[in-house]
Amino acid sequence: MNNKDVVVLLGTGSIGQAIARRVGAGKHIVLADLKQENAEVAAKILENAGFETSTVATDLGSRDSILKLVEHSQKFGPVKNLINAAGVSPSQASVADILRVDLYGTAVLLEEFGKIISEGGSGVVISSQSGHRLPALPEEQNEQLAVSAVEELLNLPFIKAITDTLKAYQYSKRCNVLRVMYEATRWGKRGATINSISPGIIITPLANDELHGPRAEGYLKMLRLCPAGRAGTPDEVGDMAEFLMSSRGRWISGSDFLIDGGTTASYWYGDLQYLKVTH
Ligand SMILES: NC(=O)c1ccc[n+]([C@@H]2O[C@H](COP(=O)([O-])OP(=O)(O)OC[C@H]3O[C@@H](n4cnc5c(N)ncnc54)[C@H](O)[C@@H]3O)[C@@H](O)[C@H]2O)c1
């Protein structure tokens, strides 16, 4: 057994890699992805930049697969950091897959790593600005998303009633934020913090799918009109995550950080209000 601190990255795309580079020096980085080849591509890039890595195929939407990831990760030393940057978007997947991976899977991941995260550890979950476009939910629904037994989440009547992929994604991302609040109370008992980051459009392969998918025109207009006038970069999300996972972020837990160039502000109160009609 190698006794390095371990960083676990689930979803080895651009956002995940940007975060891992900032927190992974001198540690062992476990690169986990549904597609083993994605994990290997990331491993090659990171190994060539001086990081120590291992790869493991993992399906965020399966508890068995997450348990195998926990077991693999602990072989290298104490798990200090968890980064969840895996997910599927509304143009990529069905309602059932979005709910299974983004909503249920994230809840399982937080539950299982919350049992083994080490003292002084920290985690971040990549949620989305999309969750900030749902109006406030009834308090009872908030509570059900936050604290229901994980295996009950997909049976909640208002979740079962979802029929379109955008709604599935929005509820999943809202659930991520609420679940992080609940898990912060458990992670805190182990001396660890957990937070979520809700990015706006960040240029990655996933965003590029959206920019070339059925909603492309809408995305481009939204970027033109948002206060920043542009999309974000994985590194800007990485900088936020680095702060939250650093010694300066120890008093921050159970919080969500919107990083979207002002897009959400504009959606509710500015030039992007027209989107409320269609979304
Ligand atoms: N890119 C954006 O504009 C944007 C904006 C807001 C939120 N997000 C969120 O950021 C996260 C990462 O997205 P990205 O833009 O870096 O995309 P990406 O496509 O670069 O990376 C996503 C990775 O997740 C993996 N993945 C998909 N399903 C999985 C599963 N079931 N189990 C394990 N891995 C799986 C993919 O194989 C891929 O490597 C997602 O949760 C997404 O919802 C992205």
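**Close-up views of a predicted model**

View 1. Residues are numbered from 1 along each chain as its sequence is written. Helices (H or I, at least four residues) and strands (E, at least two) are DSSP runs, numbered from the N terminus. I66, L69 and S73 are the buried residues of α3 (buried: 20 or more other C-beta atoms within 10 Å of the residue's own; exposed: 12 or fewer; partly exposed: in between; C-beta atoms placed from the backbone). Viewed down the axis of α3, these residues fall within an arc of 50°, so they line one face of the helix; the arc is that of the directions from the helix axis to the C-beta atoms. Exposed D64 and E71 lie on the face turned away from the buried side.

**View 2. The open sheet of seven strands.** With parallel pairing, its order is β3-β2-β1-β4-β5-β6-β7; two strands pair if DSSP finds at least two bridges between them. β3 (52–57) and β7 (256–259) stand at the edges with a single partner strand each, so one side of each lacks a neighbour in the sheet.

**View 3. Pairing of β6 and β7.** Strand β6 (residues 193–199) joins β7 in the parallel sense over four bridges. F257 in β7 is the bridge partner of I197.

Key
Predicted model: local features only at pLDDT ≥ 70, side-chain atom pairs only at ≥ 80, totals over all residues.
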